[in-house]
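Okay, thanks for coming, everyone. Let me put the model up on the screen, and then we'll walk through it together.

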Amino acid sequence: MNVNKKGFTLIEVIVVIVIIVILSLILIPNVMLFINKNDKKSCEKLITNIESSAKIYVSENKYTLGFDCSNTSKTITLQQLVEEGDLSSPIINPITKTEIDLNTTIAVTYNCTNKTFTNKVNGIVCENNSE
């Protein structure tokens, strides 16, 4: 009796499916971890870019802002940076995928000893709280 075998047996199909399931169970968590790490790095880079834009804004407007040696912080907003053209809008948080409010503030302090400015962005968190 000459039987012409075409196709796969049920056992072969089940083995392939099991292999695919095992590989996906290994790969999916690693891919999600990679995506979360990239989102956090993107958020940290966003804060660095905002701080750089604030430095440019402050260097162009330091006399208007009225810095002195009292170590008092001055506050600028993202709206001011957008209006000056130092940032583009909308600004999206890579973690939450939501638009950041343009009323978010940057505290700028002048250090008379070093003659330097320090910037601190308030209200942008680069942590994923859903974990």
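By buried I mean under 20% relative accessible area, with exposed being over 50% and partly exposed in between, using a 1.4 Å probe and protein chains only.

Quick housekeeping before I go on. This is a predicted model, so local features need pLDDT of at least 70 and side-chain atom pairs count only at pLDDT 80 or more, while totals for chains, interfaces and linings use all residues. Residues are numbered from 1 along each chain as its sequence is written, and side-chain values use heavy atoms, with hydrogens and water left out.

Back to N119, then. You'll find N119 in strand 3. When I say strand or helix, I mean DSSP runs numbered from the N terminus: helices are H or I with at least four residues, strands are E with at least two. What does the side chain of N119 reach? That side chain gets to the backbone oxygen of E51, at 3.4 Å. That's a polar contact, meaning a pair of N or O atoms within 3.5 Å; within protein, one must be able to donate a hydrogen and the other to accept it, and residues adjacent in sequence count only if both atoms are side-chain atoms. Leaving aside neighbours within four places in sequence, N119 is in contact with E51, A54, K55, I106, A107 and V108. Contact here is heavy atoms within 4.5 Å.

Which residues of helix 1 are buried? They're D39, C43, L46, I47, I50, S53, A54, Y57, V58 and N61. The cover over those buried residues includes strand 1 (74–77), helix 2 (78–84), strand 2 (105–111) and strand 3 (116–121).

Two strands pair if DSSP finds at least two bridges between them. How many bridges join strand 2 to strand 3? Six, and those strands run antiparallel; strand 1 and strand 2 have four, also in the antiparallel sense. Our friend N119 is the bridge partner of V108.

Over on strand 1, T77 counts as buried at 18% relative accessibility. T77 has T105 in strand 2 as its bridge partner. Skipping residues up to four places away in sequence, T77 touches L102, N103, T104, T105 and I106.

Now the loops. The one between strand 2 and strand 3 holds K115, which has a positive phi of about 60° although it isn't a glycine. K115 counts as exposed, at 60% relative accessibility. The loop between helix 2 and strand 2 has K97, with phi near 60°, again positive in a residue other than glycine. K97 is exposed at 54%. P90 is in that loop too, and a cis peptide bond joins S89 and P90, with omega about 0°.

Last stop: V125, in the segment after strand 3. V125 is partly exposed, at 49% relative accessible area. Not counting residues up to four places away in sequence, V125 touches C43 and N93. And V125 and I95, 30 residues apart in sequence, are 8.5 Å apart in space, C-alpha to C-alpha.
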